[in-house]
Amino acid sequence: MPNLLSRYAECTIWLARYMERIENLARLIDVTETFVRTRSTATGWLSIVQINADEERFFARHDTASEQNVVDFYVTDRENPNSIASIAHAARENARALRPLISTEMWTQLNIFTNSIRALGPSDIRSSNLSGLCARLKQDCQTHHGITEGTFYRDQAWLFYLMGRTLERGDQITRLIDIKYHTLLPSGTGVGSEVDIGQWSAVLRAAAAYHAFRRTASGEITPGRVVGFLLKNDGFPRALSTSLRQLHWAVGHLRTDYGLKNGYAAAERIEELRATLAEQTVQDIILRGLHEFLDWVQRELRLVQGEIAQAFWPPTMPEAPPDQGQNQTQSQS
């Protein structure tokens, strides 16, 4: 694989991951705001810091995990590599390196999006505006995905973009479940209560899954049904099973259609992930430890990313940035 194409492959994966990450971070902020406003969580804004493993970095800069501190840290703080402002900048720098490949429409929209984030001030992230801001961020990311879907040429670069997007979706859906099941109610207090059901409804909305869930699941919203839907429903685009299937498809086509055989190790690991998910019921997963299962999935996805990097760009290239679970975000230009 030529070095130039390898660089393009790396930048394409991270462009997709960063844009998906911004949307999911906006969803996490939005659902946490709902939990805090309804007073249905004991840990509040700290949960976002914990789910992103950012405690050390956050508390080096802030004394308390208040709404103002956490939202500033994850939205506008350019010194935090995991903030939306930093991730958006990294996405545009990767897109800049991809100018020969991406459409003018993609590049224009990314520039407008990044500039709008750069222009955010303290008034834009206060409580009264937070929900609207999150909605706008999600819409802008969805606009990017729509433009990309409609204008990005279907060759190797598209497959790498799809790999990045599905890797990030698989990782993020596990974090969204975990923020409810493990972080917000670690002791199991209130399970099955009206507050608990309200939280699970908010989780579904945060994953853009509420209406899809209601179409397929009759009866009450229960933890098992929601977890099962988000992990194993092949008809829902953000379900873990769907992400793994699409990821496996993309790696497979790189190997069969373009002769890039080095993806064998990544393909095998993805197959193992899919088999492990398929052979267990949701009840099995919960009984054996949902948090432990989700944590294992996140570790495996990090290994998949590493195997993709090892397979498709040479070791002389700058190392790809660790994913969110490793607590860093950086540009690949």
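Helix H1 supplies three residues, the largest share of the lining of the largest cavity. The model is predicted: local features need pLDDT of at least 70, side-chain atom pairs count only at pLDDT 80 or more, and totals for chains, interfaces and linings use all residues. Residues are numbered from 1 along each chain as its sequence is written, and side-chain values use heavy atoms, with hydrogens and water left out.

**Terms**
- A cavity is a set of points, on a 1 Å grid over the protein atoms alone, where a 1.4 Å probe fits but cannot get out; its lining residues have an atom within 4 Å of a point.
- Points are joined across faces, edges and corners, and a volume is the space filled by probe spheres set on them.
- Helices are DSSP runs (H or I, at least four residues), numbered from the N terminus.

**Largest cavity**
- Two cavities of 30 Å³ or more are counted, and the largest holds about 40 Å³ of space.
- Its lining consists of Glu20, Asn24, Arg27, Arg169, Ile173, Ala207 and Arg238.
- Helix H1 (3-37) and helix H8 (156-184) are the elements that give two or more residues to this lining.

**Second largest cavity**
- The second largest cavity contains about 30 Å³ of space.
- Asn24, Arg27, Leu28, Gln172, Leu176 and Ala206 line the second largest cavity.
- H1 gives the most to this lining, with three residues, and H1 and H8 each supply at least two.
- Three of its lining residues are nonpolar, two polar and one charged.

Note on methods. 1 Å grid on protein atoms, 1.4 Å probe; cavity = no way out; pocket = protein on both sides within 12 Å on 5 of 7 lines; lining within 4 Å. Nonpolar A, V, L, I, M, F, W, Y, C, P; charged D, E, K, R; others polar.
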